[in-house]
Each structure stands twice: as C-alpha cells, then as structure tokens.
Amino acid sequence: MRIAVLDDYQDVFRTLKCHARLKGHDVTAYHDSVKDPGKLAERLNGTDAVILLQQRTPFPRAAAEKAGTLKLISQTGRNVNHIDVAACTEKGILVCGSGAGLPNHTAELTWGLIFSALRHIPEEVQRFKAGQWQTTLGTTVVGKTLGVYAYGRIGSIVARVGKAFEMRVVCWGREGSTGKARAHGFEVAASREAFFETADIVSLHLPLNKETRGIVNHTDLARMKPGSLIVNTSRGPIIEAESLLKALKAGRPGFGAFDVYDDEPVLGGNHPLLKMDNVICTPHLGYVDRDTYEKYYGAAVDAIVAYAEGKPVNVLNPEVLKK
C-alpha cells in the first residue's frame with residue numbers, strides 16, 4: 001500500500017516504534033501542512049491510505065470527491081469533526097479512529113504557561129542572556145483563585161494541582177462537568193458571571209465543537225480582573241478571536257497564555273498575539289511529546305495493518321464495508 005503521513009512537522013514519524021510495522025509498504029511523510037482541498041487531493045493522488053494526526057488537516061467533501069485512489073483514512077483519536085465522514089462513505093473511503101493520549105501532558109503544559117506568564121520566565125531568560133539581571137516582578141499563585149472551565153480529564157488535573165498550590169479552585173462548565181467537580185470536593189461558581197469576575201486565572205479545557213465554538217465571548221472577557229490571566233491549551237476557536245485581541249489590548253484580562261490558535265500552523269510569526277507584550281504563546285505543544293505520539297500513531301498504524309490484512313478495526317463508517 002501507498003501510505004501518506006500528513007503534518008509530520010518534526011519529521012518524527014520515522015523514529016517511532018510503530019514505523020517498523022509498515023515495512024513493505026510505501027510510506028511518505030509530509031512535514032508541511034496543506035489545507036486547500038484541491039491541493040490536498042493532489043498530494044494524496046495515488047495514495048491508498050492516509051494518517052491524520054489529530055485535527056491538523058481538515059478533510060472536507062471537496063477533498064473526498066477528488067481523492068480518487070484513497071481507500072482509508074486512519075485518524076489518531078476518535079474526534080472526526082474535521083472529516084466529512086458522510087462524503088467519505090459516499091466515495092467508499094473507510095474512516096478509522098482510535099487511540100488516545102494521556103491528559104497529563106496538556107495539564108503539565110498548562111501549568112508551565114501559568115508560571116511562565118506570572119513569573120515572566122521567557123522575558124527574564126532572554127534578558128539574562130543579554131546581560132541584564134532581574135528586570136521584572138513576578139506573582140505567586142498561593143491564595144489566588146483558579147477558575148477551571150470544564151472539569152474533565154485535563155481540567156481535573158489542573159484543578160488538583162491548583163489545590164496543591166493552596167489556591168482557591170472554582171469550576172464552571174456543563175452540568176455533568178460541574179457535578180463531577182462537586183463530587184470531588186471542588187467549588188462551583190454561583191454563575192457564569194461570577195466565574196469570570198472572581199478568577200485570577202481562568203484555564204480553559206473544552207473540546208471544540210459546534211456548541212463550544214466562540215463560547216468565551218467579549219462579555220466574559222470584559223468581566224475579568226485587570227491583573228488576571230487567561231490560559232487556553234484546548235482549541236483556539238473556543239474564544240472569539242477579535243474579542244480576545246480587543247480584551248487583551250484593553251487590559252481585561254491583563255495577561256494571556258496560549259498554545260492554540262484559530263488557524264494552525266502559525267508560520268512566519270504572523271499572528272497578532274505574538275506581537276503583544278502581555279501574552280505568552282507556544283506552538284500547540286500540549287500533546288506534542290514522544291509518549292503521546294507513540295500512542296496516537298501506534299493506534300493509527302494498527303488500523304492500517306488490520307486493513308491490509310482484510311480485518312478493519314475501529315471503523316467509524318461501517319457502511320463502506322457493505323458496499
């Protein structure tokens with residue numbers, strides 16, 4: 001089989017343990033990102049299977065209709081909101097999704113961003129290298145209020161760490177999320193308004209879907225304290241982009257730390273958040289570590305090997321198998 005691996009930014013796929021399991025197949029890894037459906041279909045011309053890492057590359061109907069030879073999409077994880085599964089089914093393209101990374105990795109990065117922002121670590125490192133010594137004053141977290149929006153796999157870890165640092169932890173989200181937070185002994189905000197008004201740090205941990213796109217809006221941000229920090233390690237579009245820029249420029253919240261953006265990858269430093277002195281940005285590093293890659297790609301390779309053996313697994317559109 002001819003197999004394409006998309007968005008292998010670090011040229012890491014060939015170094016993973018699962019790569020050896022595709023011996024005998026023709027594997028090509030691409031290190032850049034192609035979003036245009038026509039160009040994507042052209043890239044996949046002659047390909048039998050493609051591995052998609054998370055939601056880096058959308059696969060809309062326009063791509064499915066032009067990808068003439070493609071028989072299998074092996075998606076890391078089961079989130080396929082970026083794939084037009086119905087169009088794939090019509091074109092006879094099997095979609096398989098499986099595998100999951102640990103939530104700890106993104107939770108760890110969340111706290112890395114929090115401390116980097118509050119203690120001005122990136123600035124101090126660069127200024128120290130330039131010959132300066134102690135140019136800022138940092139802020140501690142003890143006694144502060146941490147607002148956790150969505151007490152799920154990642155948010156619950158962030159909350160527990162906040163408690164360990166002797167913070168007041170307040171949660172918000174859907175009923176299932178807040179119910180779990182209460183059951184684990186965490187405070188739930190009296191209202192959405194109170195959540196944003198009282199938090200010194202707001203950390204967002206929502207999945208991206210139709211309901212959560214733009215769920216954090218101008219009104220929410222305007223309620224935040226001038227000295228507060230908002231952190232997003234989930235997905236960029238859960239915050240209204242223009243509202244976020246305006247709010248940070250207005251100083252409510254006073255600071256931001258972001259790992260995710262509306263359109264990724266961000267290249268050439270071409271993003272307004274990168275130009276703001278009160279913001280720290282990282283290039284979507286939340287799940288980007290070797291352990292997670294081994295799990296994600298390993299499951300994707302399992303699906304390809306099973307398909308090649310005529311025994312597809314983790315199929316998300318079984319109708320294709322009946323054709």
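This note sets out numbered points on the backbone and packing of the structure above.

1. Basis. The model is predicted: local features require pLDDT of at least 70, side-chain atom pairs count only at pLDDT 80 or more, and totals for chains, interfaces and linings use all residues. Residues are numbered from 1 along each chain as its sequence is written, and side-chain values use heavy atoms, with hydrogens and water left out.

2. Five strands form an open sheet with parallel pairing, in the order S2-S1-S3-S4-S5. Strands are DSSP runs of E of at least two residues, helices are runs of H or I of at least four, and both are numbered from the N terminus; two strands pair if DSSP finds at least two bridges between them. Strand S2 (26–29) and strand S5 (94–98) stand at the edges with a single partner strand each, so one side of each has no neighbour in the sheet. From one strand to the next, the twist averages 20 degrees.

3. Strands S3 and S4. Strand S3 (residues 49–52) pairs with strand S4 (residues 72–76) in the parallel sense over four bridges. Ile51 stands opposite Ser74 in S4.

4. Helix on the sheet. Helix H11 (residues 290–308) packs on the sheet and touches strand S1 (2–5), S3, S4 and S5; contact means heavy atoms within 4.5 Å. The direction of H11 makes about 155 degrees with that of S4. Axes are lines fitted to C-alpha atoms, for helices over the stretch in contact, and angles run from 0 to 180 degrees between N-to-C directions.

5. Helices H4 and H6. Helix H4 (residues 104–118) and helix H6 (residues 153–164) pack at about 45 degrees, with their axes 8 Å apart. H4 is therefore oblique to H6 (angles under 35 degrees count as roughly parallel, over 145 as roughly antiparallel, 65 to 115 as roughly perpendicular and the rest as oblique). Asn104, Thr106, Ala107, Thr110 and Trp111 in H4 meet Ile154, Ile157, Val158, Val161 and Gly162 in H6.

6. Cis peptide bonds. The bond from Arg252 to Pro253 is cis, with omega near 5 degrees; Pro253 is in the loop between helix H10 (241–250) and strand S11 (255–258). Glu264 and Pro265 are also joined by a cis peptide bond, with omega about 0 degrees.

7. Positive phi. His120, in the loop between H4 and helix H5 (121–129), has phi near 55 degrees. Gln134 has a positive phi of about 50 degrees although it is not a glycine. His120 is buried at 14% relative accessibility, whereas Gln134 is exposed at 64% (buried means under 20% relative accessible area, exposed over 50%, partly exposed in between, with a 1.4 Å probe and protein chains only).
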